Amino acid sequence: MTTTEPRTPPAPAGTVTEEEIARFVVARFLPGVDVAELEPDYDLLATAVIDSLGLLRIASWLERTHGVVVPDRELTGPRFRSVRAIHETAARAASTGTRS
């Protein structure tokens with residue numbers, strides 16, 4: 001069985017929004033949940049929505065879809081704890097020019 005990740009139209013690098021991140025998280029990790037139900041500060045790690053592999057999948061999606069490469073030192077739980085934290089991490093990576 002092949003799992004497909006939601007496709008988001010390409011956007012300029014670094015322009016990923018919290019809404020896009022929430023849509024990806026819901027589609028990939030919370031099927032059946034309405035994206036509007038996912039609060040930006042909901043703790044995705046403490047509630048086991050994502051784990052270390054999920055963190056890597058999100059980082060990979062950010063790179064493929066938005067051209068944002070999250071540096072290895074940023075691939076930590078606190079940086080991916082919530083939609084808001086992921087957004088801040090992606091914005092930080094984009095602003096430092098770390099892009100694919």
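Among contacts in this protein between residues at least 6 apart in sequence, 62% join residues at least 24 apart, where contact means heavy atoms within 4.5 Å. What you see is a predicted model, in which local features need pLDDT of at least 70 and side-chain atom pairs count only at pLDDT 80 or more, while totals for chains, interfaces and linings use all residues. Residues are numbered from 1 along each chain as its sequence is written, and side-chain values use heavy atoms, with hydrogens and water left out.

Now the overall layout. The protein has three helices and zero strands, and from the N terminus the order is α-α-α. Helices (H or I, at least four residues) and strands (E, at least two) are DSSP runs, numbered from the N terminus. Of the 100 residues, 37% are buried. Buried means under 20% relative accessible area, exposed means over 50%, and partly exposed is in between, with a 1.4 Å probe and protein chains only. The accessible surface comes to about 5,700 Å², and 52% of that belongs to carbon and sulfur atoms. Those areas come from the Shrake-Rupley method with a 1.4 Å probe; for residues, only the protein chains shown count as cover.

In soluble globular proteins, nonpolar side chains tend to be buried together. Here the largest nonpolar core has 25 residues, and those with the most contacts inside it are Val25, Leu38, Ile58, Leu62 and Phe80. H1, H2 and H3 each supply at least two residues of this core, and H1 gives the most, with six. By nonpolar core I mean a set of buried Ala, Val, Leu, Ile, Met, Phe, Trp, Tyr and Cys residues joined through side-chain atoms within 4.5 Å. What does Val25 touch, not counting residues up to four places away in sequence? Its partners are Leu30, Leu38, Leu44, Val49 and Ile58.

On to helix H3, residues 83-95. H3 has 13 residues and reaches 18 Å from its first C-alpha to its last, close to the 18 Å expected; the expected span is 1.5 Å times one less than the number of residues. Its buried residues are Val83, Ala85, Ile86, Thr89, Ala90, Ala93 and Ala94. They pack against helix H1 (18-29) and helix H2 (52-66).

Now the rings. A search of the whole structure finds two aromatic pairs. Rings of Phe, Tyr and Trp (its six-membered ring) pair if their centres lie within 6.5 Å; planes under 30 degrees apart count as stacked, over 60 as edge-to-face and the rest as tilted. Phe24 and Phe29 have ring centres 6.2 Å apart and planes at 80°, so that pair is edge-to-face. Phe24 and Trp61 have centres 4.5 Å apart and planes at 15°, so that pair is stacked. Phe24 is buried at 2% relative accessible area, and Phe29 is buried at 16%. Phe24, Phe29 and Trp61 form one aromatic cluster.

Last, Asp41. Where is Asp41 found? Asp41 is in the loop between H1 and H2, and at 51% relative accessibility Asp41 counts as exposed. Asp41 touches Ser82 and Arg84, not counting residues up to four places away in sequence. The C-alpha atoms of Asp41 and Ala85 are separated by 7.7 Å, although the two residues are 44 apart along the chain.
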